[in-house]
Amino acid sequence: MTSKAASVWSVVHAERAQLVSDLRTVRAEAWSTPSLCAGWTVHDVLAHVLDTAKTSRTRFIRRMIASRFDFDGDNAAGVARERRPDPAATLDALDAAVGLTLTPPAARATRLVEAIVHGEDIRRPLGIAAAYPPAAVATALAYQARTAVSFHGGRERVQGLRLVATDTGIEIGDGPEVRGSAIDLLVVTSGRRPPECTLEGPGAARLLAATR
């Protein structure tokens, strides 16, 4: 998809709104379900999505300085700040932030990665299916494939492999093939390994072994 701001934000806003809608009927006890993000519950990830939605470039820089550039520590602080005692209140807060266009100083594609991958971090453990815009998934996957793991990408994981999305025809990289749906390739490239994820091909085992 185009990287123009209007195109990216239209997808991000739609995905935030859809996530809020999908989570309205989640049972109270389900909010403590472990997400695909190691050490975080689905409620924690929701709070992170909210924190990111409210973070501007200036605020991000100030936070990095305050945390001495500890990205993981800053993320944990953001979750603690935005995670309400009642998950419904956290969900309401995200609903109020759906239309925000704030972003840290990063490529616009990171907003798609945040919306789609964290959507899966929450939905998959809860058994909620979702359909994402194919062009947005393709853009997010291409970004993750060229971004270092240290910056929450997956470049080292997919280096020397050829990713082939069987549902969209997307092909990235060279080497032994890893075949699967575009969303599964995105999720695994981003470091997740959901049990129901199905990847095939001579490079599949190597990629799955590189996930945390």
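**Notebook: helix packing and domain contact**

The model I am reading is predicted. Helix α7 covers residues 134–146 and helix α9 covers residues 182–189. Their axes come within 9 Å and cross at roughly 30°. Angles under 35 degrees count as roughly parallel, so α7 is roughly parallel to α9.

I then listed the residues in this contact. From α7 I noted Val-137, Ala-140, Leu-141, Gln-144 and Ala-145. From α9 I noted Ala-182, Ile-183, Leu-185, Leu-186 and Thr-189. Sorted by class, the contact of α7 with α9 holds eight nonpolar residues, two polar ones and no charged ones.

**α1 and α5**

Next I took helix α1 (residues 5–23) and helix α5 (residues 87–97). I read an axis approach within 9 Å and a crossing angle of roughly 155°. Over 145 degrees counts as roughly antiparallel, so α1 is roughly antiparallel to α5. The α1 and α5 crossing is left-handed. On the α1 side I found Arg-16, Leu-19, Val-20 and Leu-23. They meet Leu-91, Leu-94, Asp-95 and Ala-97 in α5. I counted six nonpolar, no polar and two charged residues in the contact of α1 with α5.

**α2 and α6**

I went on to helix α2 (residues 42–53) and helix α6 (residues 109–126). Their axes come within 9 Å and cross at roughly 165°. That angle makes α2 roughly antiparallel to α6. I noted a left-handed crossing for α2 and α6. The α2 residues are Val-42, Val-45, Leu-46, His-48, Val-49 and Thr-52. In α6 they meet Arg-111, Glu-114, His-118, Asp-121, Ile-122, Pro-125 and Leu-126. The classes in the contact of α2 with α6 are seven nonpolar, three polar and three charged.

**Domain 1 and domain 2**

Where do the domains run? I looked up the domain assignment of the protein chain, and it gives domain 1 as 8–126 and domain 2 as 134–210. Their C-alpha centres lie 22 Å apart. The contact takes 16 residues from domain 1 and 16 residues from domain 2.

How much area do domain 1 and domain 2 bury between them? I read about 1,300 Å², with 73% of it on carbon and sulfur atoms. Which residues in domain 1 lose the most area to domain 2? I noted Ile-116, Val-117 and Arg-124, together 39% of what that side buries.

Methods
Residues are numbered from 1 along each chain as its sequence is written. This is a predicted model: local features need pLDDT of at least 70, side-chain atom pairs count only at pLDDT 80 or more; totals for chains, interfaces and linings use all residues. Side-chain values use heavy atoms; hydrogens and water are left out. Axes are lines fitted to C-alpha atoms, for helices over the stretch in contact, and angles run from 0 to 180 degrees between N-to-C directions. Helices (H or I, at least four residues) and strands (E, at least two) are DSSP runs, numbered from the N terminus. Angles under 35 degrees count as roughly parallel, over 145 as roughly antiparallel, 65 to 115 as roughly perpendicular and the rest as oblique. A crossing is left-handed if the near helix is turned anticlockwise from the far one by less than a right angle, and right-handed if clockwise. Contact means heavy atoms within 4.5 Å. Ala, Val, Leu, Ile, Met, Phe, Trp, Tyr, Cys and Pro count as nonpolar, Asp, Glu, Lys and Arg as charged, and the others, Gly among them, as polar. Domain bounds come from an automatic or database domain assignment. Buried area is the accessible area (1.4 Å probe) that two parts lose on being put together, summed over both.
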